[in-house]
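Please consult the sequence and the model alongside the text.

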Amino acid sequence: MLVISFRGATTPGRTSVACAYLLETMLERLCNSGFQSQQIRTHRILCDNSNPHTLHTSSAFKTSAHCTADYGNIRSFGSQAAAHLAPLGLAYTEKLSSWSSTGMIGRRPAMFGWYGPEIWRDRKDLQPCQAILDENLAKTEFTATIIDGKLIAEEIRQEIAEEIMRLKSQTNGKVPGLAVVLVGSRKDSETYVRSKKKACKEVGIISLEENLPVDSSEEEVLNIVRKFNDDPSVHGILVQLPLPKHMNEERVLAAISVEKDVDGFHPLNIGKLAMQGRTPLFVPCTPRGCIELLLRSNVEIKGKRAVVIGRSNIVGTPAAMLLQRNQATVTVVHSYTPNPAEITREADIVIAAVGVAHLVRGDWIKPGAVVIDVGINPIEDPSAKKGYRLVGDVCFKEAAMKASAITPVPGGVGPMTIAMLLRNTLDSAKRAYGLLD
Ligand SMILES: Nc1nc(=O)c2c([nH]1)NC[C@@H]1CN(c3ccc(C(=O)N[C@@H](CCC(=O)O)C(=O)O)cc3)C=[N+]21
């Protein structure tokens, strides 16, 4: 039994909103990490206290059970709270400013809204997908066409390699150059960077890599970016995400020259993507890969209903904008959508990009829909060599019983992301030499 006591002000001021939000977030996290709601008891003690500073000291979080859930994303509100959170194993970040006056509870939300951690309520994926549990179902034939992202990406890479040969002959031997900046040594990031470099080599793009230790300063990263901005042999700059927590991603990404922003994450490129009649210099690779998969599989987008699950900057949001530019009617489903299954069931095209293994179940899919699964989630698998394997955001077997076409993980969107990065780098080089048609 976990008991959380909570005292807030009677007036819905900033501190009590903060406390209430923190409490709500904690509860959701606890439920998502397997706690049953009966195991958690909360007390909200309203006190007549007009001084917010006193509230800090009176906010108490007590526990009668040890809780080891990961609270890394929670923003707290004062050093007193940190002291109370510590026994719960909760991390603490001192930053109230970003949510001042953006009341989540009892207050009108601020105009621009506020993005909290994306926590999926009612996570059905806590139950493994039926097809894994049920051997008979696992053996049942499904009718969906599997969209082979690996093969399509290979075709695209071939086209790119040919174009690079032409570029070379037209420019006296010039080839595209891609600079990759990697900060820290996350295993997954290292793997992605390695496969990007390999793909570059295969098509004739020169790749440069700059590796910085995890404790580098933001200024050091900015200096590397500036160096590549000024280097005419570099046509694309990619700063591998996520960056270590102490760095300001927004500042780093904005420092990349718009003309070399092959990830398409620069605000100017995203802004143009969002506007009618504007053409961004680059479109983010993963969403572009999703659209390319649809187009090359002869899936009609125009006039169709599309649901994008997830609203991240790098996939969900730009994917929704791209679908809209392709004349689809787009709905974005996210962690605060109360009925995600019902809404997703309306879609002719589903793009799932949430990063939650097996979130999308068979009953979310309308018969005949096309499903693009962007997720790459490691799940435990003792029979696998590494002890884990990669699965998508979609329960593949269940969805494949309903869909007309579906992408697998791995071998779906992942290889397309890399192919689109090569495409963007080549286009950038062609633009630099005045050859972009
Ligand atoms: N600035 C930046 N740009 C990115 O484009 C970027 C990034 N940061 N950070 C991480 C994500 C992830 N990402 C992937 C690229 C290729 C595969 C890929 O090729 N996957 C294969 C193999 C997967 C495997 O087996 O490891 C597949 O799905 O079949 C996956 C994921 C790019 N990202």
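**Sheet and overall fold**

Strand β7 (residues 305–309) and strand β9 (residues 349–352) run parallel and are joined by four bridges. The structure is a predicted model, in which local features need pLDDT of at least 70, side-chain atom pairs count only at pLDDT 80 or more, and totals for chains, interfaces and linings use all residues. Residues are numbered from 1 along each chain as its sequence is written.

- The protein has 15 helices and 13 strands; helices (H or I, at least four residues) and strands (E, at least two) are DSSP runs, numbered from the N terminus.
- V308 stands opposite I351 in β9.
- Of the 437 residues of the protein, 40% count as buried; a residue is buried if 20 or more other C-beta atoms lie within 10 Å of its own, exposed if 12 or fewer, and partly exposed in between, with C-beta atoms placed from the backbone.

**Nonpolar core**

- The largest nonpolar core has 93 residues, and those with the most contacts inside it are V350 and I351; such a core is a set of buried Ala, Val, Leu, Ile, Met, Phe, Trp, Tyr and Cys residues joined through C-beta atoms within 7 Å.
- Helix α15 (residues 413–432) gives the largest share of this core, nine residues.
- Domain 2 (121–147 + 297–416) and domain 3 (174–278) each supply at least three residues to this core; the domain bounds come from an automatic or database domain assignment.
- Among the residues that V350 touches are V307, I309, T344 and I365, not counting residues up to four places away in sequence; two residues are in contact if their C-beta atoms, placed from the backbone, lie within 7 Å.
- In soluble globular proteins, nonpolar side chains tend to be buried together.

**Surroundings of the ligand**

- Of the 18 residues around the ligand, L241, P410, G411, G414 and T417 come nearest; a residue is near a molecule or strand if its C-beta atom, placed from the backbone, lies within 6 Å of it.
- The elements giving two or more residues to this shell are α7 (187–203), β6 (236–239) and α15, and the largest share, four residues, comes from α15.
- Domain 2 and domain 3 both give residues to the shell around the ligand, so it lies between them.
- The shell divides into 11 nonpolar, six polar and one charged residue; Ala, Val, Leu, Ile, Met, Phe, Trp, Tyr, Cys and Pro count as nonpolar, Asp, Glu, Lys and Arg as charged, and the others, Gly among them, as polar.

**Backbone features**

- Most residues other than glycine have a negative phi, and most peptide bonds are trans.
- The peptide bond from L241 to P242 is cis, with omega near 0°, and P242 is found in the loop between β6 and α9 (249–255).
- The peptide bond from V409 to P410 is also cis, with omega near -10°; P410 is found in the loop between β13 (405–406) and α15.
- N172 has a positive phi of about 65° although it is not a glycine, and N172 counts as exposed, with 7 C-beta neighbours inside 10 Å.
- H358 has a positive phi of about 60° although it is not a glycine, and H358 counts as buried, with 25 C-beta neighbours inside 10 Å.

Key. Two strands pair if DSSP finds at least two bridges between them.
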